[in-house]
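This briefing starts with the surroundings of one residue and then turns to the overall build of one chain. The structure is shown below.

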Amino acid sequence: MSAVLVSSPHGSRPNRVDRVMQEVLLALVPGVLAMIWFFGWGVLINIALAVTVAVAAEAAVMRVRRRPIAPAIGDYSAVVTAVLFAISVPPTLPWWMTLLGMLFAIVLVKQLYGGIGYNPFNPAMAAYVFLLVSYPVAMTTWLAPDMLAEHAVSFTESLGLIFGGALPSGVEWDAISAATPLDEMRGKLDQGMLIEEIRLSPLWGDFGGRGWEWVANGFLLGGVYLLWRRIITWHIPVSMLAALAVAAGAFWLLDPTTHPFPAFHLFSGAAILGAFFIATDPVSACTTKTGQLIFGASIGLLVFVIRTWGGYPDAVAFAVLLMNIAAPTIDHYTQPRVFGHTGNRANP
Amino acid sequence: MAAIQSLLRRDRLWTFHGGIHVPDEKALSNGRAVEVMPLPKRLVIPLQQHIGATARPVVNVGERVLKGQLLAQAEGYVSACIHASSSGTLVAIEPHPVPHPSGLSALCAVIETDGEDTWAELPERMTQYAQLDPTEIRERIRWAGVVGLGGASFPTSVKLNPGPDQRIRTLIINGAECEPYITCDDLLMRERAGDILAGARIMHHLLGEPRILIGIEDNKPEAFEAMHFALAETDMRGYTEIRSIPTLYPSGGEKQLIRILTGEEVPTHAIPARIGIVCQNVGSAAAVADAVLKGRPLISRVVTVTGRAIAEPRNLEVRIGTPVSDLIAHCGGYRERPRKLVCGGPMMGFEIAHPEIPVTKPANCVLALTEAEAPDPGPALACIRCGRCAEVCPAKLLPQQLYWHARAKDLDRVQDYNLFDCIECGCCAQVCPSHIPLVQYYRYAKNEVWAREEDKRKAELARLRHEAKQARIERQERERKARLRQKKESLEASPGKSQTDQDAKKAAIEAAKQRAAAKKAAAAKAEETDDA
């Protein structure tokens, strides 16, 4: 028998942080496969690089903090941060930017606040925004989806791009890159073009950008898996996507010539990924159910507002970070009614 | 339309927030009939097996006691009598380890049994209780030492006396038995359904004839059937309903079961009687029937001995005071070395250090868990704020916030987050992916709050005493000054009198001087004579 008497419950506990994180990684697989399919090996190289740097940084900080290293690495949280970051950045991002981003995410955003569970901001998104603001060109140069590219970038060519910044011989940037659907839409709208004209470009698929919409479908599949496995609840993803769709729908109904169809907003850019994998990061999101609905809906609205009137083509990272700031306050005012209490809980 | 019909149906069930599905493990022990445990050589009967004051011993060490004889009398209103569970010699009344989470010792009556199991003279049966005064019946239940056998062990007679201005509309008989592994209520319902109903009928009489709702989780179909058959043979059908409720831990919690069966919520800090409901465990109902209809005190109970470390898990009818180690031995001992020995269920029971501790009235289960059943959860990791705890909390609390504030020892904040609405069911800790011992933090915080309130109370008392003392000193000072002033005034008011006084004093002094001088002279004279 154990020497220390421990308080109940006594049975085995099925849930574990590392299993939660492993499930999240598993759920990312379809989307990541779609990304690799459409955008080449760079995606995989970025993931490998980011994971290596993140885990090493986590270990180094734990060592400096004189805390046990194994549990910190073993909970896979740094891996999840790294993968989310790596799939958010362009597949040709220079290696040192990934390194910088991951150091920023793990050392500053996560560990300086006390490590897992204590960070007020989503580390992957903070790192993404940090790089986007610092290196806007590199962070917005995307490869064209496979079927639109004149030249398919091979594995070694990807390595060359990432680690040497060298284009494959005889290939220009234009041959391999293309504007992202959100960029394209935004740029053309700013030029005064109508949606119908813009949609004539071969960049477009059924809902969003060609290729991109399949990436979104992959993440949607993963998101449904997370819901089924009860890793996340429906509150944040549904409220975020619903708010985005409602806002986009309202403007589209008002003027369909200058406002894209709501499905465009959902299936282009990072909306689906953000709704299921980023906004749901439990550490930096709201925890009360009502709070989560407000949190999700606010992110959805902010995404629409920033995409439509803001200075950046995509907005998930900014919207998530802004709502991260608001999360504790929202939680405070949305506490549920406790069993046996009448009316809402008096706010302490 | 169908929805409205279901709303209007009388057997509608409600739900409570959260709750968890845990493997019930009841099949381990519910396969065999209850077996009567042989008489042990020694019985160690704690004098406090209930909530309330320790009972006062009424027998002397060395005395021969009989089965069912009163050993200790209830002291005060909230207390319960303790009886000898077999005949023999009372060899000691001494501290002995008892089943308590603290692992501490408490006063116990130790009986060396004589093997004859002779009954003491029992009070007469109250078969015609409907014609008796309720007070008399309650007094019998109190004498029999009946307490809540579901685990809380609150004296039943107190619960059956809600007071004249409290109308009880519903009596709930709790046969939910939602804790995994435990099957003693299941077996009791299968084997003694008639007695349970008889007890419920007595309570129905005592409480002013409320309706009776019996809740049984749907993982106990045999018990449900048995209760149904038994009910069909009684005259109670007009006001009694047996309801099968979905298996969901902790549906057997008093507040949760009341919610499931009636849709009502017991207000915070209140007892169910406040909303006209009394809830009793099936075991308590059977014990009430024994006390009233047979005149027998509560001296035994059904205990589930289970867990995969036990060779042959089963239910035993055990005399109060039998050592737990005897129960385990009777069930074939250990199959493998247990990692944990628990009194009660895996969700709310407490670990016991001494297998020598005795079975008490609320002890429903002895659980020996293997390494596989209760693996070491490992060190707690940081909270990732996933919120699963809040999803499963049946009290709809925010366990995570409670944890932060309990850990920070912020006793005001934990109370703001309604710490005292926590029923310690353990759902939050069970689902926590970081394996944080949440309930332990809440127990700690509750104890700290109680300790602080106690300190406050003491400080308040000390302050009152100090103030009273200050007031007394001031009053005495005032009174002294008043007396002096009065004297002074009276002196000033009558100077003539004071003159005569002074003359008299002077005269007295003069007289005394003269007496002293005469004495001196006489002494000197005597000395001279001596010298001569």
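Met348(B) touches Ser8(A), Glu179(B), Glu424(B), Cys425(B) and Gly426(B), leaving out residues up to four places away in sequence; two residues are in contact if their C-beta atoms, placed from the backbone, lie within 7 Å. This is a predicted model, in which local features need pLDDT of at least 70, side-chain atom pairs count only at pLDDT 80 or more, and totals for chains, interfaces and linings use all residues. Residues are numbered from 1 along each chain as its sequence is written, while chains are lettered from A and ligands numbered from 1 in the order in which they are written.

**Setting of Met348(B)**

- Met348(B) sits in the loop between strand S15 (340–343) and strand S16 (350–351) of chain B; strands (E, at least two residues) and helices (H or I, at least four) are DSSP runs, numbered from the N terminus.
- Met348(B) counts as buried because 22 C-beta neighbours lie inside 10 Å; the cut-offs are 20 or more other C-beta atoms within 10 Å for buried, 12 or fewer for exposed, and partly exposed in between.

**Chain A overall**

- Chain A has 17 helices and zero strands.
- The radius of gyration of chain A is 21 Å, close to the 20 Å of the globule rule for 348 residues, so chain A is as compact as a globular protein of that length; the radius is taken over C-alpha atoms, and the rule is 2.2 Å times the number of residues to the power 0.38.
- Of the 348 residues of chain A, 51% count as buried.
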